[in-house]
Amino acid sequence: MTSNFLRRFLLPLVALAVLAAACGGGSDDESASEPDPTEVPTAPATEVPEPTEVPAPPATEVPVPTATPEPTAVPEPVRPTIDELISSGKILNIAHAGGDQENPHSTRYAFDQAVANGADILELDVQLTADGVLIIQHDSTVDRTTEATGAVIDQTLSELKALDAGYRFAEGCWSCPDRPDEEYIYRGVRTGDTAPPEGASPDDFTIQTFAEIVEHFPLVAFDIEIKGDFPEALDVAEQLALEIDEFGLTENVVVVSFDDEIVAAFGEMAPDVERSPGTNAMTTWLLAGADLDEGMRIVQVPPFFGAIEVINPAFWARVEATNVTVWMWPNDGSTQENAEFYQEMIDQGVTGIIAGRPSQVPS
């Protein structure tokens, strides 16, 4: 009875329980749906966005420094050539012995003042000392410019250097023996008895060598007269030719002498140096229509030669016919060494004034 009872009542109940479980039954069972109070709910995962890439600022191009351009080179001034001076078209200021009407004849001080007053060319005379040094000296003796006497050729350079070359200068007179003492404003500067002018020294008032003047004045040309006659002055011409070559002055000088034989001899020694004719060559050129030596293009003349008027209409006709350049040297200091006479000569056609007063040569 018992087994039948189990089969009839209990087995159906078991089957129903299994079926309910299979169908998700037991929804009324509250314990099945209640959450576990000890379980901490997990927050839903939040997706963290990738960091946005910050764009780099555009690169600023740093300009490359521009090299500072080199300044334009200014050419160094150089000594002018005779050809450049002739071709310049300007009136040439040629300081006679440095301007012997304004400052002591042939002194460095005179040449300094002449250049300061615009001289383009320094005119000077050369001869030799007893010991063979080429110096700048007009007379064959020292009598007219210094406190001493005697022939230049008999004295050494050392003896000549000791002399006061400003001793006999007075304003307007390069050799004046009878002026009041106060008019000899440079007397004693050489010996230290008189204070030198501002910027000058006692050595500026002594006899100068040719080399000293060439080195002291690197930016001027020279008009050089060889003193003496043929054949005695041949040694002077030879030494001058040697020093012109030594100092590289071939294109920067004009050489002249009153003696045509000396001019010719010098031309053989230094054929590329500019020369001017002597007295005889000038006379036959002007009066007899003779030709000047080949290459001569500068004539240096006074307004008068004794009583003869040199610069006159016939002279200018000859100049035009032969196409030479005229440089004039005054031979009367009292009437010709002034701006008015210089201008008169310029108006006639003179292109170079060999002036005793360089400060008055019209520019």
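Predicted model: local features only at pLDDT ≥ 70, side-chain atom pairs only at ≥ 80, totals over all residues.
Residues are numbered from 1 along each chain as its sequence is written, and side-chain values use heavy atoms, with hydrogens and water left out. Local features need pLDDT of at least 70 and side-chain atom pairs count only at pLDDT 80 or more, whereas totals for chains, interfaces and linings use all residues.

Helices (H or I, at least four residues) and strands (E, at least two) are DSSP runs numbered from the N terminus. Strand 6 covers residues 253–256. Val-253 and Val-255 point one way from this strand and Val-254 and Val-256 the other way, and all are buried (under 20% relative accessible area with a 1.4 Å probe, protein chains only). Strand 6 pairs with strand 5 in the parallel sense over four bridges, pairing being assigned if DSSP finds at least two bridges between two strands. Within this pair, Val-255 is the bridge partner of Ile-224. Strand 5, helix 7 and strand 6 form a right-handed β-α-β unit; right-handed here denotes a clockwise path from the first strand over the helix to the second, with the strands pointing away from the viewer. Strand 6 also runs parallel to strand 7 (residues 274–275), to which two bridges join it. Here Val-254 stands opposite Glu-274. The chain crosses from strand 6 to strand 7 through helix 8 (residues 260–269), again in a right-handed β-α-β crossover.

One disulfide is counted, defined as a pair of cysteine sulfur atoms within 2.5 Å. The disulfide joins Cys-173 to Cys-176, with an S to S distance of 1.3 Å. The link is right-handed, with 135° about the S-S bond. Cys-173 is buried at a relative accessible area of 15%, and Cys-176 is buried at 4%.

Pockets were located on a 1 Å grid over the protein atoms alone, as open sets of points where a 1.4 Å probe fits, with protein on both sides within 12 Å along at least five of seven lines; lining residues have an atom within 4 Å of a point. The largest pocket holds about 890 Å³. Of its 40 lining residues, Phe-258, Val-301, Pro-302, Phe-305 and Trp-329 are the closest to the centre. Helix 9 (279–287) contributes the largest share of this lining, five residues. The second largest pocket holds about 230 Å³. It is lined by 15 residues, with Gln-127, Leu-128, Ile-153, Lys-227 and Val-236 closest to its centre. Strand 2 and helix 7 (234–246) each supply at least two residues of this second lining.

Technical notes: Buried < 20%, exposed > 50% of the residue type's maximum accessible area, 1.4 Å probe, protein only. Points joined across faces, edges and corners; volume = space filled by probe spheres on them.
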